[in-house]
Amino acid sequence: MAKDAPPRWDRRMQQRLARGEAAALGELYDRFAALVHSQAHRVLEDDDAADQVTREVFGYIWEHPDAYDPKQGSMRSWVARLTNGQAVERLRRNEAAALAEGGGGTAEELEQKVRRAAVAARADYIVTSMPAPLRAALELAYFQRRDYRQTAADLGVTEDEARRRLRLGLQLLSTAHTRPLEGSSPPGYGRSL
């Protein structure tokens, strides 16, 4: 298999969606709904808004299965990117409406809030998209407060390998605030649904 070829499941799923198989959408929903909802909730801090974003993302996928470009990454990454773009755009609209209604705050505060949410969304996207070994190392170090020696033992790898995984994972995460979420997406990946 070519190095940049998408996983077999991603290709099959896209083909099934393109044929209009409702069961494929159900399978995709079962696999990614929790990811979509949690990422939308992280940005919006509102269950109802996260539910709406989840419906919009899966509706968009159903209507535009060919928008997924396997050359740009996995289907999981695509779904996460759609979610982040939609959630940030919804936050921007909600905050702008609140500002217009005199809900307090300034346009600068609105942009700060949207920027922070965009960085958080990008960080979620990075963690979601990174290879599983890097993600596992970061989760052990962050959530379970393991150092690299304990992480190595838990993962069954050498200490050098654990340090390498942690360093790479942190380097990827460090780009969350340096690379803009908007404008960096391939066509169709970051636009509002």
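This briefing describes the fold, surface, salt bridges and selected residues of one protein model.

The model is predicted: local features require pLDDT of at least 70, side-chain atom pairs count only at pLDDT 80 or more, and totals for chains, interfaces and linings use all residues. Residues are numbered from 1 along each chain as its sequence is written, and side-chain values use heavy atoms, with hydrogens and water left out. The protein contains eight helices and zero strands, where helices (H or I, at least four residues) and strands (E, at least two) are DSSP runs numbered from the N terminus.

**Overall architecture**

- Along the sequence, the elements follow the pattern α-α-α-α-α-α-α-α.
- Of the 193 residues in the protein, 38% are buried; buried means under 20% relative accessible area, exposed over 50%, and partly exposed in between, with a 1.4 Å probe and protein chains only.
- Among contacts with a sequence separation of 6 or more, 64% involve residues 24 or more positions apart, a contact being heavy atoms within 4.5 Å.
- Accessible areas come from the Shrake-Rupley method with a 1.4 Å probe, and for residues only the protein chains shown count as cover.

**Surface charge**

- A patch of negative charge on the surface gathers Asp46, Asp47, Asp48 and Asp51.
- Patches are made of residues with over 30% relative accessible area and no salt bridge; like charges are joined within 9 Å, and nonpolar side chains (Val, Leu, Ile, Met, Phe, Trp, Tyr) within 5 Å.
- In assigning charge, Lys and Arg count as positive and Asp and Glu as negative, while His and the chain ends are not counted. The place of a charge is taken as NZ of Lys, CZ of Arg, CG of Asp or CD of Glu.
- Within this patch, Asp48 belongs to helix H3 (residues 47–63) and is exposed, with a relative accessible area of 60%.

**Salt bridges**

- Side chains of opposite charge can pair when their charged atoms come close.
- The count comes to nine salt bridges, each defined as a side-chain nitrogen of Lys or Arg within 4 Å of a carboxyl oxygen of Asp or Glu.
- Arg90 and Glu56 form a salt bridge whose closest N and O atoms are 2.4 Å apart. This pair links distant parts of the chain, with Arg90 in helix H4 (residues 75–100) and Glu56 in helix H3, 34 residues apart. Arg90 is buried, at 14% relative accessible area, whereas Glu56 is partly exposed, at 21%.
- In the pair formed by Arg16 and Glu21, the closest N and O atoms of the salt bridge are 2.9 Å apart. Arg16 is buried, with a relative accessible area of 19%, while Glu21 is partly exposed at 26%.
- Arg164 forms a salt bridge with Glu161, with 2.6 Å between the closest N and O atoms. Both residues lie in helix H8 (residues 159–174), three residues apart, about one turn of the helix. Arg164 counts as partly exposed, at 35% relative accessibility.
- Salt bridges that share partners join Arg16, Arg19, Glu21 and Glu27 into one network.

- Glu45 has a phi near 55°, a positive value in a residue other than glycine. Glu45 lies in the loop between helix H2 (22–44) and H3, and is exposed at 63% relative accessibility.
- Arg145 likewise has a phi near 55°, a positive value in a residue other than glycine. Arg145 is placed in the loop between helix H6 (132–143) and helix H7 (148–155), and is exposed at 68% relative accessibility.

**Residues linking separate parts of the sequence**

- Gln14 is found in helix H1 (residues 8–18) and counts as buried, at 14% relative accessibility. Leaving aside neighbours within four places in sequence, Gln14 is in contact with Pro65, Asp66, Tyr68, Pro70 and Met75.
- Leu168, in helix H8, is partly exposed at 31% relative accessibility. Leu168 and Leu134 are 34 residues apart in sequence, and their C-alpha atoms are 7.2 Å apart in space.
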